[in-house]
Amino acid sequence: MNVLHDLALGFQIALTWQALVICLGGVVLGTFVGVLPGIGALAAISLCLPLTYYMEPVHGLILLSGIFYGAQYGSSTSSILLNIPGTPSAAATCLDGNPMARQGRAGQALFIVTLSSYFGGMVGIVLLVAFAVPLAKFALSFGAPEYFAVMLLGLVAAATASPGSAVKGLAMTVLGLIFGMVGTDVTSGAYRFTLGQVELTDGISLVAMAMGLFGIGEVLSNLAAPDVPQPPNKGFRLRQMLPSRREARQAVFPAIRGSLLGSWIGALPGTGPAIAAFVAYAAEKRISRTPERFGTGAVEGIAAPEAANNASVQAAFIPTLCIGIPGDAVMAFMLGAMIIHGIVPGPNLISEQPEMFWGLVASFSVGNLILVLLTLPMIGLWVKILNVPRHVLYPLIIFLICVGVYSVNSNVFDVMVAVAFGILGFVMTLFRYPVAPILLGYILGPLVEENFRRTLFISNGDFWAFLSSPVSAVCLGLVLVALVAPVVLAVRRRLAKAGRG
């Protein structure tokens, strides 16, 4: 009964006209960003963060969250029509979505992914409601050693799970940790790595870093890439989009399995919607009686990954809100946004700020319903937006980024920082270094350092204190496994190549 009472409290906030307008704006902007290939949800979230300074904290988080899960909905459109994923999590949808489009079944594919996305998102919300309070109560027993171990596990898991080389992922995480050390040392009050710049005494601006890495950096990367092919100039009427009974039956159980799998993966640190989507796709292909259909336009190949990535997005809020530990770069940025608004994510969040927590949770269900009602009628509009020339769109994005960065502190130095990080992000992408771990290391680095030093202070410098509880011992053991496993796999691959040679 307490949960129902809490949800009623949340809907009282989520159904106010201010919250509804902000939620609508967030999901529409997120869908727009998801449709456009290469922009990414994180760039849009960082661009809109300065706007939230003038809102109530719960309304600001509703806007940023709506952009996040709205981008997952929109990303499937360019995946199906152009074979270009709007976000990394939609890459799995390309495998069967684009073949369906080439077979003249683009409307059915878009209809199926919309309903699968809605179902997956609602499953993730239900699990968030069910597990948020028990997990928060469990986390109340955490001390400095447990927080250090769990956060370190999140850092290492995210780095080693990044696309490409695990070593490159770890290197980018360490770079993020270094950036997180810039500013005033909380313990001693000494300035660290400020290079004599007064503007850096409070640390590097989160907004400038995120907008540079994921806004300017992404724009530069897309400008350097070949031109995106134009989508087919074809309308999509609702009657043409309805799937057949056979296609509907083929989509039901994959969507259910993808939702459950995506929710579980999304709640784990170091994962994200992209991993959830590919795992769900691989699972469906493995259990299918006709795996040869996958890659040629199988309905199961779009229903499962779309349900999984949307369930993962909602479930990712479980550790972020209840423990204060983000699972990926977007959640790390959301955590940073909460801290900027004076909200401390963690086990006390639900009890100390129930209106904020349950209002945000209730807005998720409202936003998912709005997305379904908007996505299907507006597919034709999104297709037209794909025709916007890059030379018009990208300069506008860079202009908005610079205005957004400047508006935070009215400081030109922050704009220069954003440009510098944009160039860094472009260079890293050029050499196939993952950029997301930089932000994750920057956000979690100071928290890891604080709990590390606090543990040693309490234990009088005894390092065995980190193994004093089962939680910290298990997490540190998993950290060791995550670091050693890539090395072992690389050695095995080299030995196998040498044996074949």
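Helices, of at least four residues, and strands, of at least two, are DSSP runs numbered from the N terminus. In this predicted model, proline 326 is found in the loop that runs between H14 and H15. Proline 326 counts as buried because its relative accessibility is 0%, and buried means under 20%. Leucine 440 is 114 residues away from proline 326 in sequence, while the two C-alpha atoms are 8.1 Å apart in space.

## Aromatic pairs

The structure contains eleven aromatic pairs. In one of them, the ring centres of phenylalanine 148 and phenylalanine 452 lie 5.4 Å apart and the ring planes meet at 45°, so the pair is tilted. Phenylalanine 148 belongs to helix H7 (residues 144-160) and phenylalanine 452 to helix H21, so this pair ties together parts that are 304 residues apart in sequence.

A further tilted pair is formed by phenylalanine 317 and phenylalanine 364, with 4.8 Å from centre to centre and 45° between the planes. Helix H14 (residues 317-322) holds phenylalanine 317 and helix H17 (residues 354-375) holds phenylalanine 364, so the pair ties together parts that are 47 residues apart in sequence. Phenylalanine 317 and phenylalanine 364 also belong to a cluster, linked by ring pairs, that includes Phe68 and Tyr69.

The table lists the accessibility of the residues in these two pairs.

| Residue | Relative accessibility | Class |
|---|---|---|
| Phenylalanine 148 | 9% | buried |
| Phenylalanine 452 | 28% | partly exposed |
| Phenylalanine 317 | 0% | buried |
| Phenylalanine 364 | 0% | buried |

The charged end of lysine 168 sits over the ring of tyrosine 433, at 4.9 Å from the ring centre.

## The second largest pocket

Rolling a probe the size of a water molecule over the atoms shows where empty space is left. The second largest pocket has a volume of about 1100 Å³. Its lining consists of 40 residues, and Gly180, Asp202, Gly203, Tyr442 and Pro446 lie nearest its centre.

Several elements each supply at least two residues of this lining, among them helix H8 (166-180), strand E1 (183-184), helix H9 (206-224) and helix H15 (329-340). Helix H19 (390-409), helix H20 (412-430) and helix H21 (436-458) also each supply at least two. The most is given by H21, with nine residues. By residue type, the lining of the second largest pocket divides into 21 nonpolar, ten polar and nine charged residues.

## Loop residues with positive phi

Phenylalanine 193 is not a glycine, yet it has a positive phi of about 55°. This residue occupies the loop between strand E2 (191-192) and H9. Arginine 432, likewise not a glycine, has a positive phi of about 60°. Arginine 432 is placed in the loop between H20 and H21, and it counts as exposed because its relative accessible area of 70% is over 50%.

## Cysteines

A disulfide is a covalent bond between the sulfur atoms of two cysteines. How many disulfides does a search of the whole structure find? The search finds zero. Cysteine 48 is buried, with a relative accessible area of 7%, and cysteine 475 is buried as well, with a relative accessible area of 10%. Both residues are classed as buried because buried means under 20%.

Conventions:
Residues numbered from 1 in each chain as written. Predicted model: local features only at pLDDT ≥ 70, side-chain atom pairs only at ≥ 80, totals over all residues. Heavy atoms only, no water. Disulfide = S-S within 2.5 Å. Buried < 20%, exposed > 50% of the residue type's maximum accessible area, 1.4 Å probe, protein only. 1 Å grid on protein atoms, 1.4 Å probe; cavity = no way out; pocket = protein on both sides within 12 Å on 5 of 7 lines; lining within 4 Å. Points joined across faces, edges and corners; volume = space filled by probe spheres on them. Nonpolar A, V, L, I, M, F, W, Y, C, P; charged D, E, K, R; others polar. Phe/Tyr/Trp six-rings, centres within 6.5 Å; stacked < 30°, edge-to-face > 60°. Lys NZ or Arg CZ within 6 Å of the ring centre and 35° of its normal.
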